[in-house]
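Hi,

Here's the structure I promised to pass on.

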Amino acid sequence: MSPTHTEVTTSADLAPCGRAEHPDCGIRDVLDRVGDKWSVLVIVELARGPRRFRELQRAIDGISQRMLTLTVRRLERDGLLIRTVYPTVPAQVDYRLTETGAGLTHLVEALATWSLAHRDSIAESRRAYDAEHPGNEIR
């Protein structure tokens with residue numbers, strides 16, 4: 001893949017879920033999309049209301065232009081957000097959650113709340129594990 005590659009990967013490009021008869025495909029396809037960190041962060045940001053591309057990029061620390069482009073294209077393809085282009089010069093584009101995408105917000109908020117409540121205990125568990133298994137840190 002080239003550094004400027006921004007095409008959306010389709011399920012036909014993936015194995016074994018390129019085959020519709022595979023039993024994990026429905027769950028795996030959805031979790032692949034809504035389970036990646038960038039998609040979650042875009043959904044969190046769009047739950048606050050429509051955003052333009054640069055607003056999303058500024059709000060999501062560490063996301064590159066390329067990764068944001070891929071993420072919004074994938075979310076649009078999956079019907080979780082709508083991309084609206086306004087006929088201005090230069091063209092203005094905004095992104096907003098669809099009804100389906102908005103249905104994810106309570107789940108994402110619950111995950112964020114759980115993460116905040118447990119981050120200290122998880123960090124301590126990681127330190128303890130790393131102390132017991134020197135040189136075998138998992139990142």
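Next along, Arg52 has Asp94 of E3 as its bridge partner. Together, two bridges link strand E1 (residues 51-52) to E3 (residues 92-97), and the two run antiparallel.

Before going on, some background. This is a predicted model, where local features need pLDDT of at least 70 and side-chain atom pairs count only at pLDDT 80 or more, while totals for chains, interfaces and linings use all residues. Residues are numbered from 1 along each chain as its sequence is written, and side-chain values use heavy atoms, leaving out hydrogens and water.

A few terms: helices (H or I, at least four residues) and strands (E, at least two) are DSSP runs numbered from the N terminus, and two strands pair if DSSP finds at least two bridges between them.

What does E3 pair with over six bridges? That's strand E2 (residues 81-86), again in the antiparallel sense. Val85 stands opposite Val93 in E3, and E2 and E3 make a hairpin with five residues between them.

Put together, you get an open sheet of three antiparallel strands in the order E1-E3-E2. E1 and E2 are the edge strands, each pairing on one side only.

Cheers
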